[in-house]
Amino acid sequence: MEVGDCIVIDAGSASVKAGYSGEDTPRSVFPSILDEGGAEALSGLARSGGRRPESVECHFENAAQHPIQHGLVAEGNWEKMERLWDVTFGRELHQYPEGSSASGGAHGGLSVLLAEAPGTPAAARERAAQIMFETFKVPALCFFNSASLSLFASGRTRGVVLESGAGVSHAVPVFEGFALAHAVLRSELAGQDVTSALAANLRRTGSTLGFNVVRDMKEKLCRAQPLAQPGTPAAPGPDGAAAPPPPADGKAAAPPGAAFADVEYELPDGTMVKVAGAWRGAAPQVLFGGRADQLALPQLVAQSIGMCDRDFQPDLRGAVVLAGGTTMLPGFCDRMKAELSAILPEGHLRVRKFAAWIGGSMFASLETFKQVRIMKQEWEDDESIIHRKSF
Ligand SMILES: Nc1ncnc2c1ncn2[C@@H]1O[C@H](COP(=O)(O)OP(=O)(O)OP(=O)(O)O)[C@@H](O)[C@H]1O
Ligand SMILES: [Mg+2]
């Protein structure tokens, strides 16, 4: 099998995206969850209708199985993270980086590029480097900020990236490829909160559906509501349904003038359940309304731009890139445009699935990558190199 020289991994709270440099899409996208036994990264609860889901969100029932929570590997979870990487190389890619493939073939060794959540603590990077070099015998390694990679995937080196995955959202201004650390803002409002809001509404009807089923329902049926214009009276929405009730969290008022039709959803066992149109629009409201301790996503972007040098702000406002699975929510991009219209007069928002992974694949196939990756010998000579040579 012909493969690129580098294995690119974007491991998030809900899914691992892994594949080879130079390719357009990751070869494998699988849930970042370990079962009790630890040998398999997918437990029975994650299977829906016999098909493996792309991701499994973290919630209180299965939190212990998730090595990555809110985008970061928690202290005490490194053994699990190592097992997740082992599953990535062995079971998913059939290729270990050290110089032999799982099927027995030999190669000269593959570099590894790890997409890193913005604001990853130094200790976490040190631990990741140690596992990659010592356990997996990686010949060369590169850490790259996932937001900068997402921007790179859109063909730019200047702009603001709003990344919203399952467990964490970030607004990251990037200038000439480098994230401006002082203006990076983080919110723990992300996809799993949308699922929780939908689950809370379903529970009111006595439903006991598992979190993973509700996540699938969310991905298939939820939509971001358009922002009501000031003074617009509540009116039937695009599907003709009535205006929705306040969202489950009771904090973010649902805008009037938009609601969706009631629809049927097929459970893994074939049973049909009704999902109220109002819930389809109300659940994503949590992302736009914020919480007392977490910024709403439009504010994350606006405040992050505001923290940058005035001279850069026009460039940043002109290139807002949306990345991460939660931004795939239908209507998300339009809602963000409407929310930010005051500060993005010519704002142009772009969304791309697996943006960080694609950016990593593109970067790792450039000649420059060979100069910026950290060779194992360099790390052995001076471990602190991983902080000087990271992006
Ligand atoms: N079409 C869709 N509509 C709504 N949500 C979606 C859709 N597709 C994926 N998601 C959600 O996106 C999230 C997964 O996105 P992503 O893979 O970017 O997260 P992650 O990288 O695993 O997590 P994080 O970056 O937060 O650590 C999940 O919450 C998933 O339910
Ligand atoms: Mg992610």
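Student: Among contacts in the chain between residues at least 6 apart in sequence, what percentage join residues at least 24 apart?

Tutor: This is a predicted model, in which local features need pLDDT of at least 70, side-chain atom pairs count only at pLDDT 80 or more, and totals for chains, interfaces and linings use all residues. Residues are numbered from 1 along each chain as its sequence is written, while chains are lettered from A and ligands numbered from 1 in the order in which they are written. Two residues are in contact if their C-beta atoms, placed from the backbone, lie within 7 Å. Among the contacts that span at least 6 positions in sequence, the share joining residues at least 24 apart is 66%.

Student: How are α3 and α11 oriented to each other?

Tutor: Helices are DSSP runs of H or I with at least four residues, numbered from the N terminus, and axes are lines fitted to C-alpha atoms over the stretch in contact, with angles from 0 to 180 degrees between N-to-C directions. Helix α3 (residues 146-153) packs on helix α11 (residues 355-364) at about 75°, the axes lying 7 Å apart. Because angles of 65 to 115 degrees count as roughly perpendicular, α3 and α11 are roughly perpendicular.

Student: Which helix gives the most to the shell around ligand 1?

Tutor: A residue is near a molecule if its C-beta atom, placed from the backbone, lies within 6 Å of it, and 23 residues surround ligand 1, with Gly-12 and Ser-13 among the closest. Both α4 (191-203) and α5 (211-221) supply at least two residues each. The most, three residues, come from α5.

Technical notes. Parallel < 35°, antiparallel > 145°, perpendicular 65-115°, else oblique.
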